[in-house]
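Please look at the sequence and the structure before reading on.

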Amino acid sequence: MNTKSFRTKWALGILVLVAAFIASQLAYRNSITRLYDHLVVAAHITEQMHASEKFHSAMHLMLIAATGYAETGNDAFRTEFAQQKEVARASLVTLATQPHGESAHSTDAGDIEKNFASYSQALDGVVAAGNRGYGSEGRALARSRELFDTTFAHYYAGLHQRHEADLNLAQASAKRIRFWTSMLFYAQLGLAVLFGVLGLVDLERIARGFLAVAERMAVTDGLTGVFNRRYLDNTLDEELSRAGRHGRPLTIAMIDIDHFKRFNDAHGHQTGDRLLRDLTKLMGQNVRAEDSIARYGGEEFVIIFPETSLGDGVLAAEKLRQATADRFPVGDGQTFPVTISIGLAAFPGDGTTGDELIRAADERLYRAKAEGRNRIAPSVEQALGAAPTTPSITSA
């Protein structure tokens, strides 16, 4: 090989290495830019999920407060209605203005604003009439319930479906970034620029960690740390499908803290938040590992008991009721008595869908509260007469 030929091949080799280095650096920069964009999208997804959870919870509490005021004329219900209406309106503003990346969402936001106006107007009429006009305002109340059960529930479900799709898109993009990161690793390995590859690998690790946190936040209640309504809807459907396939029982319990509004009014919302956190922690210590606790809204919680008959579920609920019945410290050496009421429903006797079981458990919860609170419905005696028990649940 003559000197000229050697120099030519050496120069071509240098040019190839330089071109490969420039290309790898461009791909590196592009990967970082795309990764940043997806992290921003994931953050927006999380913010909008929390806004929709808050909006749906406030709408539910508005309906409960308006109904309570119409039935009793108690001014506390009217005050609660006004407060929750402001919470819902503020959350609706967030839902309408939060950037989300899809033009179709602005149309949905406009529709939900119109329906919210109709919903508020109907409930305003109920509250304005009070218990004296409860009979004449029955249609307005029925219309409000219909809007909540159809329009808002549909919007709520559709919003989370879109969020699920956005999160899946971000995950898919992260996987593509991981692939190209690996390719860049081998390209830059030949150029001896391993520090650049290590940077990409570190960014990939951060992205996976961020997406894992975003997924966890998407199914977790920010205040109590238990699962949220979105997780409850998905998990209950999955557990019901599994129970139906294998012919296994399933029971759910809907739990409400007695006189929680009175507690908040007397001791402040920060103390009320501490009570919610402490009670959910106590719930977790008194159920099995396979049982799921989710915050349904406000001070209401739902527990899913897989492979559990109604009788076994009632025993578990009674154990939980006794464990949580205590005096809660509120400062300055003072305590406040705290109790819970629980309504239970079982698959398949009380329903075969999540909505049917939730509705049945909710009705029994109201019955427990109407009968004096600090109790469960059905009672232990009633449930044991309708379903056999096994020792397994008592050790939960």
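How are α6 and α10 oriented to each other?

## Helices α6 and α10

The model is a predicted one. In it, helix α6 covers residues 229-246 and helix α10 covers residues 354-370. Their axes come within 9 Å and cross at roughly 110°. An angle from 65 to 115 degrees counts as roughly perpendicular, and α6 and α10 are therefore roughly perpendicular to each other.

On the α6 side, the contact involves Leu232, Leu236, Asp237 and Leu240. These meet Gly354, Leu357 and Ile358 of α10. Sorted by class, the residues of this contact are five nonpolar, one polar and one charged.

## The sheet

Five strands form an open sheet with mixed pairing, in the order β2-β3-β1-β6-β7. At its edges are β2 (292-297) and β7 (376-377), each of which pairs on one side only.

Strand β1 (residues 250-257) pairs with strand β3 (residues 300-306) in the antiparallel sense, over seven bridges. Within this pair, Met254 has Val302 of β3 as its bridge partner.

## Helices on the sheet

Helix α8 packs on the sheet and touches β1, β2 and β3. The direction of α8 makes about 155° with that of β1. Helix α9 (residues 310-324) lies across β1, β3, β6 (340-347) and β7. Relative to β6, α9 runs at about 165°.

Helix α8 has 17 residues, which at 1.5 Å a residue should span 24 Å. The buried residues of α8 are Thr271, Gly272, Leu275, Leu276, Leu279, Thr280 and Met283. In an α-helix, residues three or four places apart point the same way, because there are 3.6 residues a turn.

Helix α8 (residues 269-285) also packs against helix α7 (residues 260-267), at an angle of about 135° and with the axes 7 Å apart. That angle makes α7 oblique to α8. From α7, the contact uses Phe260, Phe263, Asn264 and His267; from α8, it uses His269, Thr271, Gly272, Leu275 and Leu276. By class, the contact of α7 with α8 has four nonpolar and five polar residues, and no charged residues.

Key. Residues are numbered from 1 along each chain as its sequence is written. This is a predicted model: local features need pLDDT of at least 70, side-chain atom pairs count only at pLDDT 80 or more; totals for chains, interfaces and linings use all residues. Side-chain values use heavy atoms; hydrogens and water are left out. Axes are lines fitted to C-alpha atoms, for helices over the stretch in contact, and angles run from 0 to 180 degrees between N-to-C directions. Helices (H or I, at least four residues) and strands (E, at least two) are DSSP runs, numbered from the N terminus. Angles under 35 degrees count as roughly parallel, over 145 as roughly antiparallel, 65 to 115 as roughly perpendicular and the rest as oblique. Contact means heavy atoms within 4.5 Å. Ala, Val, Leu, Ile, Met, Phe, Trp, Tyr, Cys and Pro count as nonpolar, Asp, Glu, Lys and Arg as charged, and the others, Gly among them, as polar. The expected span of a helix is 1.5 Å times one less than its number of residues. Buried means under 20% relative accessible area, exposed over 50%, partly exposed in between (1.4 Å probe, protein chains only). Two strands pair if DSSP finds at least two bridges between them.
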